[in-house]
Amino acid sequence: MTERYLEALEFRFDSDAGDNITVRDYLRILLSTLWREKESFSGKRPFGNSSWDFELCEPLVKGGFIPGTFNEDGELMSFDYKFADQYVQQLIMVAFYGVESLKSGD
């Protein structure tokens, strides 16, 4: 099961943060943007739009890492936001500390 977190971190997608980037890249770019911009960082629009968190959730649903549904046009229709939030928090831990961090209860 923990291998799925490693797969999720390497899942590729296009976003406002960059094209053909991995989830791991997205999280790194987000943190780097925060550090570079400091107090000017826009938590509402770090990459120019206000749906940046959904921009990450969509490929995770598409990859089967987060449960959700798409309409016939391929647009994300629904997903469990609470589950997605917890999952991304776990991905951040795995990106920094490996899958061992999940076994410690974090």
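A: **A ring and its surroundings**

Start with Tyr-87. Leaving aside neighbours within four places in sequence, Tyr-87 is in contact with Arg-4, Tyr-5, Ala-8, Leu-60, Phe-65 and Ile-66. Contact here means heavy atoms within 4.5 Å.

A word on the source. The model is predicted: local features need pLDDT of at least 70, side-chain atom pairs count only at pLDDT 80 or more, and totals for chains, interfaces and linings use all residues. Residues are numbered from 1 along each chain as its sequence is written, and side-chain values use heavy atoms, with hydrogens and water left out.

Now look at the core. A nonpolar core is a set of buried Ala, Val, Leu, Ile, Met, Phe, Trp, Tyr and Cys residues joined through side-chain atoms within 4.5 Å. Buried means under 20% relative accessible area, exposed means over 50%, and partly exposed is in between (1.4 Å probe, protein chains only). The largest core has 24 residues, and Tyr-87 is among those that touch the most other members, with Val-23, Leu-27, Leu-56, Leu-60, Ile-66 and Leu-91. Helices H1 (3-10), H2, H3 (52-62) and H4 each supply at least two residues of this core. H4 gives the most, with five residues. Helices are DSSP runs of H or I with at least four residues, strands are runs of E with at least two, and both are numbered from the N terminus. In soluble globular proteins, nonpolar side chains tend to be buried together.

Just after H3, Gly-64 takes a positive phi of about 85°.

Back to the rings. Rings of Phe, Tyr and Trp (its six-membered ring) pair if their centres lie within 6.5 Å; planes under 30 degrees apart count as stacked, over 60 as edge-to-face and the rest as tilted. Ring pairs link Tyr-87 with Tyr-5 and Phe-83 in a cluster. By this rule there are eight aromatic pairs. In one of them, Phe-54 and Phe-79 sit edge-to-face, 5.6 Å centre to centre, with 75° between the planes. This pair links distant parts of the chain: Phe-54 in H3 and Phe-79 in strand S4 (residues 76-79), 25 residues apart. Phe-54 is partly exposed at 38% relative accessible area, whereas Phe-79 is buried at 18%. Another pair joins Phe-96 and Tyr-97: the centres are 6.3 Å apart and the planes are at 45°, so the pair is tilted.

Phe-96 is found in H4. Phe-96 is exposed because its relative accessible area is 56%, and Tyr-97 is exposed at 58%. Leu-31, Leu-34, Phe-96 and Tyr-97 make a nonpolar surface patch of about 450 Å². H2 (23-37) and H4 (81-97) each supply at least two of the patch residues. Patches are made of residues with over 30% relative accessible area and no salt bridge; like charges are joined within 9 Å, and nonpolar side chains (Val, Leu, Ile, Met, Phe, Trp, Tyr) within 5 Å. A salt bridge is a side-chain nitrogen of Lys or Arg within 4 Å of a carboxyl oxygen of Asp or Glu. Accessible areas come from the Shrake-Rupley method with a 1.4 Å probe, and for residues only the protein chains shown count as cover.
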